[in-house]
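Thank you all for coming. Please take a moment to look at the sequence and the structure before I start talking through them.

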Amino acid sequence: MAQRVRELRASGKEIVSLLLGEPDFPVPSLLQEAAIQAIREGYAPYPPVPGLSSLREAIASYYHKHYGLPFEPSQVVVSNGSKQAIYNALLSILEPGDEVIVPAPYWVSYIPLIQLAEGVPVVVSTTPAEGYKLTPEKLAQRLSSRSCAIILCSPSNPTGSAYTPAELSSLAEVLESYPKVWIISDEIYELIRYGGKHFSPAQVPPLYERTIVCNGFSKAFAMPGWRLGYLIAPLPVAQAAIKVQGQTTAGANIIAQKAALAGLQDDIHRLVEPMISAFRERRDWIYEYITQHLPEMAPYLPDGAFYFFLDIAAFIGRSTAKGKVIQSADDIAEYLLEEGVGVVSGTGFGSKRHIRISYAVSLASIQEGMQRMMRALRALA
Ligand code: PMP
């Protein structure tokens, strides 16, 4: 869709894009300065495969300070983005044919990453009434002797929902009978919360020993192009991940590591607060707007991240002015693009009846985009 938007814009069409998965904020200046200084010093060695020891220490102490988790720096493996951290984790734990439970809607890359690691994704659907979260009952139904891991994403891309301590504890009770199942916890939106504090599965005592935390700097520090993420895992998994990474990409960009280190050494909440309060204002505006003008989309008020996942089932079967019958989320996304607003179809996230909109764009663009969306959907016959 991003490519389509670029093409349409190049041909002179004016499009409001609500597609983006990257914050519309600059990298905090403190991090920029740290990177510039490292470059000016001519600092350019091959990075250690698992990351600079100072950065691994800072990541471990961040999790200790904020979440009370006693991780050791040796458990931290710094990668080229959290996507690589998730892939490293999967390559480290999966045998061919092992199953990985993935609650849907899910982030688009989980399924292909599991398949690349020769695992078998087991998709478990969730409902809006469940807050799009895996319930203990559904987890119990899908666990088997072939299960190797579950992937949880909290706060979630695409729904914005976040697991509470009680919900994670009830999943932990079910997992008690499956002691070999890992929890891959994608925490990349951990700092982007609107009330309520992030809670990691690793904070549930029985899950501590088997949680692989995957996180990164693309969202909180608005530096997706600098490609920096990490995993924190029980030592044998961390060591396997280091071996995998050592023979694939080796260590991550050393300049980005210097910048991230400066960020972690500062007051992180102070650094990210301006961005979070802008996201909160946009989230609240969109929620109000949809509740008033498009209530059939049943918006879920996001706990975190910067997306709405909207139900388009009410529009299926209706026709556009050109006579095309809308049959799926893909059709809606295509139609909305023709009407000047770019959204992502839910298909890649595991739902044909949803679209995702991002509010990592200015409030003015959001307002224009939502009005276009409303007019276009109301024009369907
Ligand atoms: N997990 C989720 C849920 C994401 O939304 C993203 C980025 N869109 C990633 C992982 C990967 O982020 P990165 O590789 O940039 O750290």
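Predicted model: local features only at pLDDT ≥ 70, side-chain atom pairs only at ≥ 80, totals over all residues.

Residues are numbered from 1 along each chain as its sequence is written, and side-chain values use heavy atoms, with hydrogens and water left out.

Let me begin with the helices, where helices (H or I, at least four residues) and strands (E, at least two) are DSSP runs, numbered from the N terminus. Helix α4, residues 82-93, packs with helix α9, residues 235-246, at an angle of about 110°, and their axes are 9 Å apart. Here the axes are lines fitted to C-alpha atoms, for helices over the stretch in contact, and angles run from 0 to 180 degrees between N-to-C directions. That angle makes α4 roughly perpendicular to α9, since angles of 65 to 115 degrees are given that name, while those under 35 count as roughly parallel, those over 145 as roughly antiparallel and the rest as oblique. On the α4 side the contact (heavy atoms within 4.5 Å) is made by Gln-84, Asn-88, Leu-91, Ser-92 and Ile-93, and on the α9 side by Val-237, Ala-240, Ala-241, Val-244 and Gln-245.

Now to the rings. How many aromatic pairs does a search of the whole structure find? There are 19 of them, where rings of Phe, Tyr and Trp (its six-membered ring) pair if their centres lie within 6.5 Å, and planes under 30 degrees apart count as stacked, over 60 as edge-to-face and the rest as tilted. One of these is the edge-to-face pair of Phe-25 and Phe-279, with 5.9 Å from centre to centre and 80° between the planes. Phe-25 lies in the loop between β1 (16-17) and α2 (29-40), and Phe-279 in helix α11 (residues 268-293), so this pair ties together parts that are 254 residues apart in sequence. Phe-25 is partly exposed at 25% relative accessibility, whereas Phe-279, at 0%, is buried; buried means under 20% relative accessible area, exposed over 50%, and partly exposed in between, with a 1.4 Å probe and protein chains only. Ring pairs link Phe-25 and Phe-279 into a cluster with Tyr-189, Phe-306, Tyr-307, Phe-308 and Tyr-359.

Let me turn to two serines. Ser-154 sits in the loop between β5 (147-153) and α7 (165-175), and with 8% relative accessibility Ser-154 counts as buried. The side chain of Ser-154 reaches the backbone nitrogen of Tyr-163 at 2.9 Å. Ser-200 is in the loop between β6 (182-186) and α8 (205-208), and is buried at 0% relative accessible area. Its side chain makes a polar contact with the side chain of Glu-187 at 2.7 Å, a polar contact being a pair of N or O atoms within 3.5 Å, where within protein one must be able to donate a hydrogen and the other to accept it, and residues adjacent in sequence count only if both atoms are side-chain atoms.

Leaving aside neighbours within four places in sequence, Leu-380 is in contact with several residues, among them Phe-315, Ile-326 and Tyr-335.
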